[in-house]
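Here is a short report for a reader meeting this structure for the first time. Please look over the sequence and the 3D view before reading on.

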Amino acid sequence: TVYDPATNTVFITGQLTTTGAAGIPRQSHRTYELRWQLDHYRPRLVHLDAYDGPPRLKESGAPPQESSL
């Protein structure tokens, strides 16, 4: 899990394994992007994206922060 303070985005990465009807597993490196916003003390998901590959971090002066969630 990586947090990018420049975009206020959390990136969750890991290995995704899917198995089709033929029973052949397929693995891929998957990343999920999540961005939250608080509205009247309630967390609201305002951005969700999922794609293959590493996190797409924006270029900024602040380094991403690793998390061990």
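Does R30 count as buried, exposed or partly exposed? At 22% relative accessibility, R30 counts as partly exposed. The model is predicted.

## Overall layout

The protein chain has five strands and zero helices. Along the sequence, the pattern reads β-β-β-β-β. Of the 69 residues in the protein chain, 14% count as buried. The accessible surface comes to about 5400 Å². Carbon and sulfur atoms hold 54% of that surface. Contacts in the protein chain can also be sorted by sequence separation. Among those with a separation of 6 or more, 34% come from residues 24 or more positions apart.

## Strands and hairpins

Strand β2 covers residues 9-19, and strand β3 covers residues 25-39. The two run antiparallel and are joined by ten bridges. One of the paired positions is T18, whose bridge partner in β3 is R26. The hairpin of β2 and β3 has five residues between the strands. There, G23 takes a positive phi near 80 degrees.

Strand β3 also pairs with β4. Ten bridges join β3 to β4, and these strands run antiparallel. Here T31 has Y51 in β4 as its bridge partner. The hairpin of β3 and β4 has two residues between the strands. H40 sits in that turn.

In a regular strand, side chains alternate between the two faces of the sheet.

## Salt bridges

How many salt bridges does a search of the whole structure find? The search finds two. The table sets them out.

| Salt bridge | N to O distance | Relative accessible area of each residue |
| D39 and R44 | 2.5 Å | D39 25%, R44 42% |

D39 is partly exposed at 25%. R44 is partly exposed at 42%.

Is D4 buried or exposed? D4 counts as buried, because its relative accessibility is 2% and the cut-off for buried is under 20%. D4 is found in strand β1, residues 2-4. Its side chain has a polar contact of 3.2 Å with the side chain of T7.

S28 is found in strand β3. S28 is buried too, with a relative accessible area of 14%. Which residues does S28 touch, leaving out those up to four places away in sequence? They are G14, Q15, L16 and D52.

## Positive phi away from glycine

Most residues other than glycine have a negative phi. Two residues here go the other way.

N8 has a positive phi of about 55 degrees, although N8 is not a glycine. N8 lies in the loop between β1 and β2. At 38% relative accessibility, N8 counts as partly exposed.

H40 also has a positive phi, near 55 degrees, and is a residue other than glycine. H40 is found in the loop between β3 and β4. H40 is exposed, with a relative accessible area of 77%.

## A nonpolar surface patch

Which residues make the nonpolar surface patch of about 310 Å²? W36, L45 and L48 make this patch. L48 is found in strand β4, residues 42-52. Why is L48 called exposed? Its relative accessible area is 56%, and exposed means over 50%, so L48 passes the cut-off.

Notes:
Residues numbered from 1 in each chain as written. Predicted model: local features only at pLDDT ≥ 70, side-chain atom pairs only at ≥ 80, totals over all residues. Heavy atoms only, no water. Patch = residues over 30% accessible without salt bridge, like charges linked within 9 Å, V, L, I, M, F, W, Y side chains within 5 Å. Areas by Shrake-Rupley, 256 points an atom, 1.4 Å probe, with all protein chains shown as cover. Salt bridge = Lys/Arg side-chain N within 4 Å of Asp/Glu carboxyl O. Helix = DSSP H or I, 4+ residues; strand = E, 2+ residues; numbered from the N terminus. Buried < 20%, exposed > 50% of the residue type's maximum accessible area, 1.4 Å probe, protein only. Polar contact = N/O pair within 3.5 Å; in protein donor to acceptor, adjacent residues only side chain to side chain. Pairing = 2+ DSSP bridges. Contact = heavy atoms within 4.5 Å.
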